[in-house]
Structure formats: C-alpha cells, structure tokens
Amino acid sequence: MSEANSELSTSSADVAEMAEWCQRVPNCTTFRANTLCYSVEECISQLGEQFTKKFSYGFEKLPDIYAHDLIPECVVIGKISDDMLDLSLKKEEVIVDAGCGAAVLRGSNVYAPGVMGMLPSTKVNSQVSLFADLTASCLKGYKRVFDSDGKLFLGNGVAIRSRRELFNDASPKLGVAVELRHPVSGLIMPDLHSSLGVLQNFPSMVCVRVLDPKPGEIVLDMCAAPGNKTTHIGTLMNDEGLVIGIDRKSKVHLVAANCAVVNLKKCVRIFAADSTKIVADVKRQIEAGPPFAVDTFDKILLDAPCSGTGLRPMLSNRITSEARTRSFSHLQKLFVDNAVRLLKPGGTLVYSTCSVLCEENECLVAWTLDKYPEVKLVSATPVIGGAGLPGCGLNEEQRMLVQRFGMNETRSNSAVQSIGFFIAKFVKNV
Ligand SMILES: C[S@@+](CC[C@H](N)C(=O)[O-])C[C@H]1O[C@@H](n2cnc3c(N)ncnc32)[C@H](O)[C@@H]1O
C-alpha cells in the first residue's frame, strides 16, 4: 500500500453509524433456487406450500414470494404482516445467547445449543416468549425470570424440548428447542434440509453474477467453504467446465456436501490448501490440485475471510475490533497476490467481503491497483449496491465501479435490504 493509503481507515463517526445500521434486521429473506433441479416457478410454488403447512396454526395470508428482477434465481420472501403477529408477552420465557438471537430475528427456530435459560414451569408445547441476552450475563441453565437491561424481545414460539432435556440429561443438546411462530421481525425461513435451494444473502448472489461464470470455463474459488458461492458458480456453468474450490482441511467436506445436495456431479473439484500459497513455479495439471501454474484461470472468486462486520443483525459488538481488522487486511493482500498471478491474461478476478470497513474493501482495491499495474478495475455489473466510500483511496470514477451493500447505498436500485457486503471486479491485462 502507498504511504497515503496506509493511513486511510474508517472514521469513528462512520464506525458509529455502521454499528447502528448493523443492529437492524434485513427486510426480507432471500433463497437461491437450485436451478439444476427446479425451475424458479416450481421453487416459488413449493415454498408457498411449505409455508401454508407451517402456518397451519393461524396465519391468513402468506408473505410475498417472488423472483428478483435482476437476479432471477433469487427468490425473495417478504415479511409476515404485522397485524397477523401475536407479540403479547407469555408467562413462560426462554433466554438465548446473542448469536442465536440474531438468527431468530432472521426467522430461525431456536436450536438447543443457543438456549441459556428456561423456567422450570415450561412444558413441551408451552407457549413461550423469546429474549436474547445482549450482555452475555445469563448463565447456562438459568431458571428464574431474567432481569436485565440487555434483554431483547425476539418474538413468541412453542417449546419443543423440556428444561430437563436441555440442561439436565447427559444426551447431546442438538435440534430445535423452540419453534419460532411470531418473530418481531416478521421474517421467516424455509425448510433448510431440501434440494430446492439454499438460504443465501442477496449480495452473495450478486457477487457470483458479477463473476459471470460460463459453461466450459476454468474457475477458481479460493475461499470456498461452506460452498454457497461454489455451488452457484457450478450451477451457472450448468455443471460443465472446471471449478476448483479451495478451503481449509477442516471445512472442505462442507463444500462437497453442498455440491451433492444441489446435484453438481461433474465440474467441481475440491482441495484442502492454504490459498495464500497456491502458486507453483512450474507448469502442472490443474486437476491435480494446488499449487497451480501462473496464468491458469479464466475467472477467480476471492470471497475473502474478513471481519464479518456486515453480517446483521449484529447483537454483540464486533465492529470496533481494530486489531482483528488489521490482521484480516494483511491476509487479504496475500490472497490477492496469489489471485493476480494465477489469473490468465484477459481473465476476471472478483474480490468480495461481508465487511463494511473500508480497510478491507476500498483501501484493499486501491492497494491492489497500486501494487499490480497488470490489473485494472472494471464495473462490477450487474450494479445493484451503492458506490464505494469516498476518502478511502479510490477516485470518483473508481468508486462508481465497485459496489457496496449496507449504509451509503447511494445508487441502490434494489428493494432488498440485506447484509453489508463489498464487491470489486478486476481484469488482468492481455
Ligand atoms: C467468507 S468465507 C467463504 C464463504 C464461501 N465463499 C461461501 O460463499 O460459502 C471465507 C473462507 O475462507 C477460508 N479461509 C481462511 N483462510 C484460508 C486460507 N489460508 N486458505 C484457504 N481458505 C481460507 C475460511 O475457512 C472460510 O471458509
């Protein structure tokens, strides 16, 4: 990074605004249809049937379910209307940790590991009010009414597990503990165990559309697990060509499992490796896995490990951890270095993060352009998010080429308000 760029960082006013934005919940649920097995229309109709069954306990009207006009495989599921929600407080309460609370606000049931407290009077099938403990002060197994300023109401549900099953038995604490019925956010999630498609944040789908993989191409997904973007890439390629997915040894099985679920049988090869060290000095067979020779790939997705500060709702404060961010931008530069070398002349590199901090986004792009004259920044089309932040190393023209989801979505033309995300697209000179 040049001297000037190295001093750039997200200002404390921006950080405060971002922290406030990150506490808000997205305004819909997004689901990527598995178009290898279903048409988007079939997918929408099956989701409608699923929700009709799920809502047999009393909702009169399903939320809107429709395909996004610019990303056709993206199925948008609207909110349950407020007038159908029963948000009256119940006698029984269940306390969950902040991570579980964030998932509940996005429409998830409560899974057993997230439960911190439950009253002894709660029975299976009891109606319960759900609260998140934002202070991390509720001890596991708490059995009284939790009295705290950091107690956030999440909605109402029905207990599926008893207190004894959750805290006393020696059996493993897995599975659904409380079925969510009336979330304050109005958001619901479809059944997750299905080949119909995957729950995926909207900008993640845009990111793969920006990469624009085509059947027959040779594509590298440098940070692939759990494989949501790998399966999207393979699907857009109609399972023809070669997609190399790389991640850590402990995670590559997730990518393989997700490929199997969506019925990708031919084009994806998965390898465990460190993507900061995958460039070989000599020519090698691509199928043999890393390291790879320079100038090998038509397209590379670098969905980099990052601070995750765009993920929302964020109920615990991760955004001020400067040390973490610094270590991520160091790692991100090592990935970029490998990516630029592995890209064929004329090839495309897409860099993305789910961070809202400019150190991991605009500054990283400015550093890349400064360090590698052989790549140029091009428009990250389809452009749906806002422009890059000013004052972070990119000039006016360059700011318009990248896209940023989250606060400052100045040119956003999508009604979907999702997580914070950043996408930049580079092409290597021929
Ligand atoms: C943002 S996540 C990727 C999400 C994935 N692209 C998806 O859409 O499902 C970043 C990933 O980078 C992986 N990672 C971190 N360091 C790595 C390294 N040195 N080499 C390869 N992968 C790494 C992490 O294990 C994590 O799965």
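Ala, Val, Leu, Ile, Met, Phe, Trp, Tyr, Cys and Pro count as nonpolar, Asp, Glu, Lys and Arg as charged, and the others, Gly among them, as polar. The model is predicted: local features need pLDDT of at least 70, side-chain atom pairs count only at pLDDT 80 or more, and totals for chains, interfaces and linings use all residues. Numbering starts from 1 along each chain as its sequence is written.

Mean pLDDT (the predictor's confidence in each residue, from 0 to 100) is 91 for the chain, and 92% of its residues reach 70 or more. The model scores ipTM 0.99 and pTM 0.93.

Helices (H or I, at least four residues) and strands (E, at least two) are DSSP runs, numbered from the N terminus.

Helix α7 also meets helix α8. Asn228, Thr230, Thr231, Gly234 and Thr235 in α7 contact Val255, Asn258, Cys259 and Val262 in α8. Contact requires C-beta atoms, placed from the backbone, within 7 Å. The residues of this contact comprise 3 nonpolar, 6 polar and no charged. The crossing of α7 and α8 is right-handed, a term for a near helix turned clockwise from the far one by less than a right angle.

Conventions. Contact = placed C-beta atoms within 7 Å.
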